[in-house]
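User: I have a structure open and want to go through it piece by piece. Can you take me through the salt bridges, the metal sites and the core?
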Amino acid sequence: AKKTGKGQYHFYTRDLNQVVQDRFVLESALQRAIEHNELTVVYQPKTDAAGRVRGFEALVRWNSAGQGLVTPDRFIPLAEETGQILAIGEQVLYAACRTAASWPLVDGQALGIAVNLSARQLKEPGLLAMIADALAVSGLPPDCLELEITESMIMGDVEHTIRVLKSIKALGVRIAVDDFGTGYSSLSYLQRLPIDTLKIDRSFVSGCDRGGKAMAIPHAIIFLGKTLNLHIVAEGVETEGERDVLAISGCNEFQGYFFARPMQHAAVDEYLRSILN
Ligand code: C2E
Ligand code: CA
Ligand code: CA
Ligand code: CA
């Protein structure tokens, strides 16, 4: 290898070209996936403190013909940049509403479905009409649908976000703040936005039962949420110990590998049959 400045220049150029090329390959493959319905939706249960399932979160999966299973962490950020997230978000929303509308009642109550929204979708003028249409064609009751947004999405253009979220709320749909506590935002928005739910991020849940200060943040979030009349969900619950300390602290719902991994539509039907019998 050349040690000259010129050699290094060539090295970096090739490296950068590789990155650009990998990205392009992924973007093209993603475009085919969107067009050929290679994207699927999996569902992870959320349970209450008594262990009853109350709903599911919809999570997108890409089983690529060429690249195998590609995780959302790899393609969602790319799809945000390219705008492909709009088509993906639409497919996920319709699939999730259709699937949730087919679920049986549990203890006389309809199960909820939580769907992740991206920043790009929140800026899209057609979002409200799309949500209304997804509810109409699926027949899902609006209050069964909860849309998850992150703090960083709120902070972009707060006034615009408030207007959009209020119009979504007017449909009867619920709003959750996802990964709560990981953003840089001021807490003042909690009083101004029509929010129903706070989801405690996995980074605070993980090991929260080990004593000392481990429960300080989950406890503060639960206390804050209760004071504002919000529903609290803990994500990434992996152990019984974590579930127990969060439940004692007043957390309403729990989601994580301790209860179940995300599962395909057919596996959800099986799971619901097993708990209803
Ligand atoms: P998220 O919304 O915070 O979703 C929770 C993630 O944690 C999921 O990863 C889920 O599979 C994982 N998880 C659940 N329980 C546990 C646990 O006990 N332990 C651990 N270690 N992980 C757990 P996933 O499915 O890979 O999704 C990653 C992220 O990609 C999501 O984070 C979300 O930000 C994004 N995403 C997924 N699906 C969609 C979608 O349809 N639309 C948009 N815009 N984003 C999505
Ligand atoms: Ca989420
Ligand atoms: Ca989350
Ligand atoms: Ca998270």
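**Salt bridges, metals and core**

Analyst: Arg174 forms a salt bridge with Glu146, and their closest N and O atoms are 3.1 Å apart. Arg174 is in strand β6 and Glu146 in strand β5, so the pair ties together parts 28 residues apart in sequence. Keep in mind that this is a predicted model.

User: Is Glu146 buried or exposed?
Analyst: Glu146 counts as buried because its relative accessibility is 6%. Arg174, at 27% relative accessibility, counts as partly exposed.

User: Which residues are linked with Glu146 and Arg174 in a network?
Analyst: Lys46 and Glu253 join Glu146 and Arg174 in a network of salt bridges.

User: How many salt bridges does the count come to?
Analyst: The count comes to 14 salt bridges. One of them is between the side chains of Asp107 and Arg52, at 3.5 Å from N to O. That pair links distant parts of the chain, with Asp107 in the loop between α3 and β4 and Arg52 in the loop between β1 (39-48) and β2 (53-64), 55 residues apart. Asp107 is exposed, with a relative accessible area of 57%, while Arg52 is partly exposed at 43% relative accessibility.

User: And what does Asp196 meet in a salt bridge?
Analyst: The side chain of Asp196 meets that of Lys169, at 3.0 Å from N to O. Asp196 is in the loop between α8 (189-192) and β7 (197-200), and Lys169 is in helix α7 (residues 158-170), so parts 27 residues apart in sequence are tied together. Asp196 counts as buried at 17% relative accessibility; Lys169, at 25%, counts as partly exposed.

User: Switching to metals. Which protein donors does the calcium ion (ligand 2) have?
Analyst: Its protein donors are Glu57 (OE), Asn116 (OD1), Glu148 (OE) and Asp178 (OD), lying 2.2 to 2.3 Å from the calcium ion (ligand 2). Along the chain, these donors follow the spacing E-x58-N-x31-E-x29-D. Asn116 lies in strand β4 (residues 112-116) and Glu148 in strand β5 (residues 145-150), so this pair ties together parts that are 32 residues apart in sequence.

User: Where do Asn116 and Glu148 stand on accessibility?
Analyst: Asn116 counts as partly exposed at 30% relative accessibility. Glu148 counts as buried, at 1%.

User: How far apart are the calcium ion (ligand 2) and the calcium ion (ligand 3)?
Analyst: The two ions are 3.6 Å apart, and Asp178 coordinates both.

User: What else coordinates the calcium ion (ligand 3)?
Analyst: Besides Asp178, the calcium ion (ligand 3) is coordinated by Asp179 (OD) and by Glu235 through two OE entries, with distances of 2.0 to 3.2 Å across the site. The spacing of its donor residues in sequence is D-D-x55-E. Asp179 in strand β6 (residues 174-180) and Glu235 in the loop between β8 (231-234) and α11 (240-249) are 56 residues apart.

User: Why is the arrangement around the calcium ion (ligand 3) irregular?
Analyst: The 6 donor atoms around the calcium ion (ligand 3) subtend angles of 43 to 164 degrees, which makes the arrangement irregular. For comparison, ideal angles for six octahedral donors are 90 or 180 degrees.

User: Last topic, the core. How many residues does the largest nonpolar core have?
Analyst: The largest nonpolar core has 75 residues, and those with the most contacts inside it are Phe56, Ile113, Leu145 and Leu246. Helix α3 (residues 85-101) provides the largest share of this core, 8 residues.

User: What is Leu246 in contact with?
Analyst: Leaving aside neighbours within four places in sequence, the contacts of Leu246 include Ile200, Val205, Met215, Ile222 and Phe254.

Key. Residues are numbered from 1 along each chain as its sequence is written. Chains are lettered from A and ligands numbered from 1 in the order in which they are written. This is a predicted model: local features need pLDDT of at least 70, side-chain atom pairs count only at pLDDT 80 or more; totals for chains, interfaces and linings use all residues. Side-chain values use heavy atoms; hydrogens and water are left out. Donors are N, O and S atoms within 2.8 Å of the metal (3.2 Å for Na, K and Ca); water is not among the atoms, so sites may look incomplete. Four donors count as tetrahedral if all angles lie between 85 and 135 degrees; four count as square planar and six as octahedral if opposite donors are over 155 degrees apart and all others between 65 and 115; anything else is irregular. Helices (H or I, at least four residues) and strands (E, at least two) are DSSP runs, numbered from the N terminus. A nonpolar core is a set of buried Ala, Val, Leu, Ile, Met, Phe, Trp, Tyr and Cys residues joined through side-chain atoms within 4.5 Å. Buried means under 20% relative accessible area, exposed over 50%, partly exposed in between (1.4 Å probe, protein chains only). Contact means heavy atoms within 4.5 Å. A salt bridge is a side-chain nitrogen of Lys or Arg within 4 Å of a carboxyl oxygen of Asp or Glu.
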